[in-house]
Amino acid sequence: MTHPHHKAPTDAEVMAALGQPEEELPARTDDSVIVLDDPIILRDGREYDEIDLREPNVFHILSAAQVIGTRPSIETVYSSQIRLVELVSGWPPLATGELPSHVLDRAVAYVTHFQDEARRPDDVPPDLSPSLTLIFDEPIEAVGRTFTTLELRAPKVKERRTAQAFEARGTPEGFLLAEIALVEAIGEWPKAAVLKMPISKFARAADYLTGFFRSGPATGPT
């Protein structure tokens with residue numbers, strides 16, 4: 001029996017799950033592992049009997065967003081969800097294509113909930129604190145360095161302009177690239193390290209930075 005290995009790196013909101021599946025899988029060990037009732041056996045003999053999932057990183061989410069393209073549709077969003085599951089689990093497309101659809105829905109719900117739960121709800125005011133520090137319990141290794149702390153502050157005009165250049169594309173990928181650019185510039189992390197960030201940490205960082213754009217300063221002339 002062959003078990004795929006996790007791929008090394010790396011949601012836009014448009015990649016939210018199609019909905020929580022109502023059906024519970026009987027052979028399931030925990031939220032991150034889905035055990036199939038009937039193993040999938042490919043023509044070359046590779047056998048897949050469980051989906052081993054974990055939290056996506058920014059690279060995974062960006063790669064899935066690229067699948068959506070310029071015009072999100074039911075088809076492209078579903079394709080991006082499938083791609084995200086493949087990237088996180090290491091499953092090949094030939095195997096995911098054979099999955100029962102409700103099993104794929106469960107996998108999508110798991111890999112997308114990290115970002116969904118980390119993002120600030122629309123009805124919650126943004127954090128306009130002068131600074132934000134994020135601590136990484138599991139250090140991120142990139143470009144021969146170790147990153148454990150991300151220090152953020154309110155964006156400057158030049159940094160916002162750079163982000164807006166990506167946003168102008170009007171695509172899920174573009175909006176995510178805008179957030180990546182902000183975190184990279186303000187946090188002074190190399191892009192390779194930002195792409196390896198767990199998506200829940202990245203979502204918190206991005207929401208903090210973009211919160212200044214939407215609400216402006218907390219005090220000032222009215």
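Here is a short chat about reading a few features of the structure above.

Student: What kind of model is this, and how are residues numbered?

Tutor: It's a predicted model, where local features need pLDDT of at least 70 and side-chain atom pairs count only at pLDDT 80 or more, while totals for chains, interfaces and linings use all residues. Residues are numbered from 1 along each chain as its sequence is written, and side-chain values use heavy atoms, leaving out hydrogens and water.

Student: How many helices and strands are there in the chain?

Tutor: Helices (H or I, at least four residues) and strands (E, at least two) are DSSP runs numbered from the N terminus. Here you'll find eight helices and five strands. Starting at the N terminus, the order is β-β-β-α-α-α-α-β-β-α-α-α-α.

Student: How do I describe two packed helices?

Tutor: You give the angle between their axes and the distance between the axes. Axes are lines fitted to C-alpha atoms, for helices over the stretch in contact, with angles from 0 to 180 degrees between N-to-C directions. Take helix α2 (residues 74-89) and helix α4 (residues 101-118): their axes come within 9 Å and cross at roughly 75 degrees. So α2 and α4 are roughly perpendicular to each other (that label covers 65 to 115 degrees; under 35 is roughly parallel, over 145 roughly antiparallel, and the rest oblique).

Student: Which residues of α2 and α4 make the contact?

Tutor: Contact means heavy atoms within 4.5 Å. On α2 they are Y78, Q81, I82, L84, V85 and V88, and on α4 they are S101, L104, D105, A107, V108, V111 and T112. Those residues divide into nine nonpolar, three polar and one charged. For these classes, Ala, Val, Leu, Ile, Met, Phe, Trp, Tyr, Cys and Pro are nonpolar, Asp, Glu, Lys and Arg are charged, and the others, Gly among them, are polar.

Student: Is Q115 buried or exposed?

Tutor: Buried means under 20% relative accessible area, exposed over 50%, and partly exposed in between (1.4 Å probe, protein chains only). Q115 sits in helix α4, and because its relative accessibility is 2%, Q115 counts as buried. Q115 and N57 are 58 residues apart in sequence, yet 9.8 Å apart in space, C-alpha to C-alpha. Across the chain, 44% of the 222 residues are buried.

Student: What is T96 in contact with, leaving aside its neighbours within four places in sequence?

Tutor: T96 touches I82, E86 and W91. T96 belongs to helix α3 (residues 93-96), and with a relative accessible area of 9%, T96 is buried.
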